[in-house]
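Let's take a friendly walk through a protein model. Have a look at the sequence and the fold first, and then read on.

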Amino acid sequence: MKPGRQFVVLSAIAIAGAVFVRPGDLLPAAARFIAPLFAQQTPPPETETALPSYVPGSHSLLSGEAPASAATPQAAPPATAEPVAAELPAAPGGMGDTLPHYSAALSAESIPLGGDGGEPDAAPKRPSVVTQIEPIVPPGGGPSIGGQAPPLPAPVIPAKELFGAAKKASPLAARAIGSYSRGCLAGAVALPVDGPAWQAMRLSRNRNWGHPKLVSLVEQLATESQKIDGWPGLLVGDIAQPRGGPMLTGHASHQIGLDADVWLTPMPNRRLTNKEREDISATSMLDSTDIAVDPKIFNEGHVKLIKRAASYPQVERVLVHPAIKKALCNAAGTDRKWLGKVRPIGGHYYHFHIRMGCPPGFAGCVPQKAPTGEDGCTKEVDDWLVRLTPPKTPPPPRPPGYKPPPPKPPLVMAQLPQECTAVLESGPDGIAVPPQAKVNIKVTVRTPAALRPHLKKFKSAVAKQ
């Protein structure tokens, strides 16, 4: 199919969803509309290739090698959504008597407008439309032309279920692969649950793993803040899973082992029990307004701790609640250079988030845009506080028949770097990736207004179904 033709068709589908065409009318029509365009693009059969080789001792992950399953595929979990399947017509020019099936689904997604990305509430968002088209090839080929199509389940296997099942790190060279919110981690090391100046929290989550350079940084921050600044010690929250990747709950980032959450609650002068580490709640730094810090809780020790974290050259971001950012701006005095790394973000009122930059010399790690160097203490933080100010009047009621937008579809393996399959499957404790977990085509249309001339034709096609 020609790229221009595919772009117009998929864009038109996205626009139709954006103008509230009923899903019951849109999805069957979309499937029939798309199917002929893919009729001559039969996916190649699955082929087995070897995992990227690693040598005991060096454990190097080789770039560019195609990952594949090293074990018998596991049974897929039940589908979380059932897309509409459409039987394909005969291919023009003759393609034999079998064809693949395709399923089409339409869902809404929020696209961040700026901000630091990776966090669910990083910045205000606007709606967008996502079209997902998944080719499904049944065992033994497709159905006969003109015959009855057998039922073809389209299981959705989120990548978080595979990465969440990994209990140990991959036996590969340490490497952050992909971006902070779409990637994985090879060769992770675990932060010891107890150290001379830190204790790891929420041990049942098994998220105290990170890139060796980040784990070393957390230990350095704990030790130096205790010896130099008089901070009692760090309570460390989530870092990453043993092999990184999307988490079963919580964060959108923390996927490549370069993010760490540090509680603003000081470490007690005793070793916490495992139960206490699960049950103790972190202390909020906010007062009753939720848009300013409580001066009885947030103090000079917190300022010194966050300043020290931001002072390390390998740290690119320190994410805090906008009210905490405002308090830091007021307390910084004349030394304000470090404030440029401290970024306001919603939700971080009981902890701060350290984000390291990509380690130098490691290809495949996707860096963020570097900070501008401005302290961010004027319009940026003030705008955040205005957005977070509770409204004086309750919001208007929803209109009759209102339906909330569908949830954002979870990430699948095909949306992560190809090497993440090798990271999951490597070593004796690897997790086999089923073939159906690797299939996904996702098209996101961010500017539907520019494509509205195509809308009338598509809506007419929908109406005729």
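The protein exposes about 22800 Å², and carbon and sulfur atoms supply 58% of that area. Accessible areas come from the Shrake-Rupley method with a 1.4 Å probe, and for residues only the protein chains shown count as cover. This is a predicted model, in which local features need pLDDT of at least 70 and side-chain atom pairs count only at pLDDT 80 or more, while totals for chains, interfaces and linings use all residues. Residues are numbered from 1 along each chain as its sequence is written, and side-chain values use heavy atoms, with hydrogens and water left out.

Now for the interior. Buried residues make up 45% of the 465 residues in the protein. Here, buried means under 20% relative accessible area, exposed means over 50%, and partly exposed lies in between (1.4 Å probe, protein chains only). The secondary structure comes to 10 helices and 15 strands; these are DSSP runs numbered from the N terminus, with helices being H or I of at least four residues and strands being E of at least two. Among contacts between residues at least 6 apart in sequence, 77% join residues at least 24 apart, where a contact means heavy atoms within 4.5 Å.

**The disulfides**

How many disulfides does the structure hold? There are 3 disulfides, each being a pair of cysteine sulfur atoms within 2.5 Å. The table lists them with the distance between their sulfur atoms and the torsion about the S-S bond.

| Pair | S to S | Torsion about S-S |
|---|---|---|
| Cys184 and Cys420 | 2.2 Å | about -95° |
| Cys329 and Cys377 | 2.0 Å | about -85° |
| Cys358 and Cys365 | 2.1 Å | -75° |

With bonded cysteines counted along the chain, the pattern is 1-6, 2-5, 3-4.

Take the link of Cys184 and Cys420: its torsion is about -95°, so this disulfide is left-handed. Cys184 sits in strand β5 (residues 182-186) and Cys420 in helix α9 (residues 419-425), so the pair ties together parts that are 236 residues apart in sequence. Both Cys184 and Cys420 are buried. Strand β5 also contains Ala186, which is buried with a relative accessible area of 0%.

Cys329 counts as buried at 6% relative accessibility, and Cys377 is buried at 12%.

The link of Cys358 and Cys365 is left-handed, and Cys365 counts as buried at 10% relative accessibility.

**Helix α8**

Which residues of helix α8 are buried? In this helix (residues 379-388), they are Val381, Trp384 and Leu385. Seen down the axis of α8, the buried residues fall within an arc of 95°, so they line one face of the helix. The arc is that of the directions from the helix axis to the C-beta atoms. An α-helix has 3.6 residues a turn, so residues three or four places apart point the same way.

What covers this buried side? The cover of the buried residues of α8 includes α7 (322-331) and β13 (342-344). On the face turned away from the buried side, α8 carries the exposed residues Lys379 and Val386.
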